[in-house]
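Let us walk through this model step by step. Keep the sequence and the 3D view side by side as you read.

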Amino acid sequence: MTTSLERVKGVGPKSAEQFAAAGIYTVGDLLHFLPRKYEDFSEVTPIAAITPGKVTVRARCEKIETRPVRRGMKITTATLADATGKLQAVWFNQPYRATQLKGGDEFFFSGVFEFAYNRYQLTNPSAEKVSDTPVQTDRILPVYPAIAGLKTQLVRKILHELQPLMRMLPDTLPEEIIRQYGLMSYSDALVGLHFPKTLQQTKDARQRFAFEELFQLLLASQLNKQENAQLTGWKIPFTQPVVKQFVSKLPFMLTAAQRVAAWDILQDFEKSEPMNRLLQGDVGSGKTVVAGLAARQAAYEGFQTAIMAPTEILAQQHAETLDTLLHPFGVRVGVLTGSVKGKPRQELLRAIEQGEVDIVVGTHALIQSTVAFKRLGFVVIDEQHRFGVAQRQALLSKSERMPHLLAMTATPIPRSLALTVYGELDISVLNEKPADRKPISTKIWSPNSRPQLYEEIDSEIAKGRQVYVVCNRIEESAEGDRKSVEAEYKRLRQGAFKHRTIGLLHGKMSSQEKEAVMHDFSEGTTDILVSTTVIEVGVNIPNATVMLIEDGDHFGLAQLHQLRGRVGRSGHQSYCYIVPSDSKAPTRRLREIEKSNDGFYLAEVDLQLRGPGELYGRAQHGALNLQVATLGDTHQIQQAQKAAQWFVSSGKNLLHYEQLAKQVQAYQRLTTLN
Ligand code: ADP
Ligand code: MG
């Protein structure tokens, strides 16, 4: 399996290079190269019975000639005959056919029988001697994804060379699992993939490989979980009066879901094994205060908390929120981002190291080597899917022992997926919004009726509320097909909203500029904030009640839901207006978002519409690179999960399964949060 392809018969240095460019280096890589589709040429038709379409005939070549046509093109025409009749075959630029077909042997010809140049003909058929094993004809032919410079025929030929090997490979899964779940054996599945006798075989083969991938992935997370349970972390005992006091000083009542999540965390804190928990909550469900509560408990026991957020705006905002909530209890909060520089930075780093700061909120700046903690007991990663495994690990490693980890995400994930992506995590879900919230009213608004829209928006501003206007470009593009924040900012200032104050925010501005703009907006000095999607993640300005999304058809469902989640953060009625780029009928995506405020429901829809790729954290998904498994297949995921549980509890030694171990260990490295 690990033999370099170049050593296989039929692969030269040139084709080896072409394979390598497509990521295929070894025999094993090629065996796992999945056909894109199959074409059924398995049935031989007598020439007299042929109808247009894909056909295979078994015939001799009676006459063959090649003649040049224009611009160096050569046409080869042959008359093929069997006992029932004759037909004409035509090849373009394949003069070698004359040599191949001479001599009166019987051949299989597979190709398309079609009407061309005023007659029916077989165009560009493959041809193989009947006395040889057919590779390119007379069978269900796999069609492989295109590799630059390489013909699919060559792929088939090399796989044909490897067929004896396929048939003798040992299984990669324990036989108990093969039996229990009625799977094809490994070697049958490989043969079924590349040399199927029936189309059902190709399906069963894929099914087996999909199961295997899921099994490996789920086994990896179970092993991670097991390893985590063996670590010794920090015990942080629960101090009821401290938590009660914190809760009683909040300006609101915690929701039931927040209480349950907080309780989950406080219980995990008391164990010696480090917490590994995901807090999943729809936008606006109030995750920050849950993290704050836990950080309060940690600080009371003398532990520091690090909270990492994906943007400076967000870090700043969390720090302010937590400072307001926790300052009264003497908990000290610091902010560390790229824009904290010079003396203040030195001073902050010193304070963190001396343990004079209890909660450090920051961006990626937190993972720099200059940052050292005195006693880091609790790590919170906000919008965790924005970070890669390495970044999370870097932060966790800043403690002598594994700290407790709380990963937070506002991207709800369907249950079936949660198992595969977050199998090793315990999950808490905030499935309710604070009681005072009214559902956001969402409307798709035709671009032709902008004046009426602006009137509605202006009446909200007149009531003292604030407005976001989101465009997905910073500057006008050459095509001018989509709105840019810069142009829109100008247009609104000179036109419909010249009597209002307007701010502008985008990712190319300096941190100081951004901070100043956010500050003005959160203080209520500006009425309207024209922004790119930099405000997509986490920003919390409760007085903003209108979200206007321009060119809404250019955003994904999850993104639209996130953007909408910037409003509806107070007791006021909020509105989301989505203006598509043209007045065509709205897409399914837009209709769904108009219909539902439920992030979990929308995530299910998104999964159907786009597949699972987009739901993963970016850094994780690319690397997982699942080839066959469809993560939407809940039933199969459950089966694979059962198999993985069985494997762990059966006490089998992973190392006895070489290929499985290799894959599982790779997945373990990719998915672990530790
Ligand atoms: P998200 O879950 O999207 O991160 P936040 O933590 O930013 O949400 O909270 C959104 C807003 O809701 C904040 O202004 C927060 O103070 C407020 N909030 C949180 N919990 C409650 C609650 N139980 N009742 C009322 N408001 C709450
Ligand atoms: Mg948040």
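Start with two terms: strands are DSSP runs of E, at least two residues long, numbered from the N terminus, and two strands pair if DSSP finds at least two bridges between them. The model is predicted, so local features need pLDDT of at least 70, side-chain atom pairs count only at pLDDT 80 or more, and totals for chains, interfaces and linings use all residues. Residues are numbered from 1 along each chain as its sequence is written, chains are lettered from A and ligands numbered from 1 in the order in which they are written, and side-chain values use heavy atoms, with hydrogens and water left out.

Look at the overall layout. The protein chain is assigned domain 1 (43–138), domain 2 (240–270 + 286–409) and domain 3 (441–596). These bounds come from an automatic or database domain assignment. Between the C-alpha centres of domain 1 and domain 3 there are 63 Å.

Now find the barrel. It is closed, has 5 strands in the order S2-S3-S4-S6-S5, and its pairing is mixed. From one strand to the next, the twist averages 55°. Such angles run from 0 to 180 degrees between N-to-C directions, with axes fitted as lines to C-alpha atoms.

Strand S2 covers residues 53–68 and strand S3 covers residues 74–81; 8 bridges pair them in the antiparallel sense. Thr 66 has Thr 76 in S3 as its bridge partner. Cys 61 faces Leu 80, also in S3. The hairpin of S2 and S3 has 5 residues between the strands, and Arg 71 takes a positive phi near 45° there. S2 also runs antiparallel to strand S5 (residues 106–116), joined by 8 bridges. Here Lys 54 has Val 112 in S5 as its bridge partner.

Next comes a sheet. It is open, with 7 strands in the order S10-S11-S9-S12-S13-S8-S14 and parallel pairing. Strand S10 (333–336) and strand S14 (426–430) are at the edges; each has a single partner strand, so one side of each lacks a neighbour in the sheet. The twist here averages 20° from one strand to the next. What is the partner of S14? Strand S8 (residues 276–281) pairs with S14 in the parallel sense over 5 bridges. Leu 278 stands opposite Ile 427 in S14.

Finally, turn to ligand 1. It is surrounded by 16 residues, and the closest are Met 253, Gly 284, Lys 287, Thr 288 and Asn 540. A residue is near the ligand if one of its heavy atoms lies within 4 Å of it. By class, this shell has 5 nonpolar, 7 polar and 4 charged residues. Gly counts as polar, while Met is nonpolar and Lys is charged.

A polar contact is a pair of N or O atoms within 3.5 Å. A polar backbone atom of Gly 284 is 2.6 Å from an oxygen atom of ligand 1. For Lys 287, a polar side-chain atom lies 2.8 Å from an oxygen atom of the ligand. Gln 258 places a polar side-chain atom 2.9 Å from a nitrogen atom of ligand 1. On its own, ligand 1 has 570 Å² of accessible area, and the protein covers 88% of that. Accessible areas come from the Shrake-Rupley method with a 1.4 Å probe.

Methods: Polar contact = N/O pair within 3.5 Å; in protein donor to acceptor, adjacent residues only side chain to side chain. Helix = DSSP H or I, 4+ residues; strand = E, 2+ residues; numbered from the N terminus.
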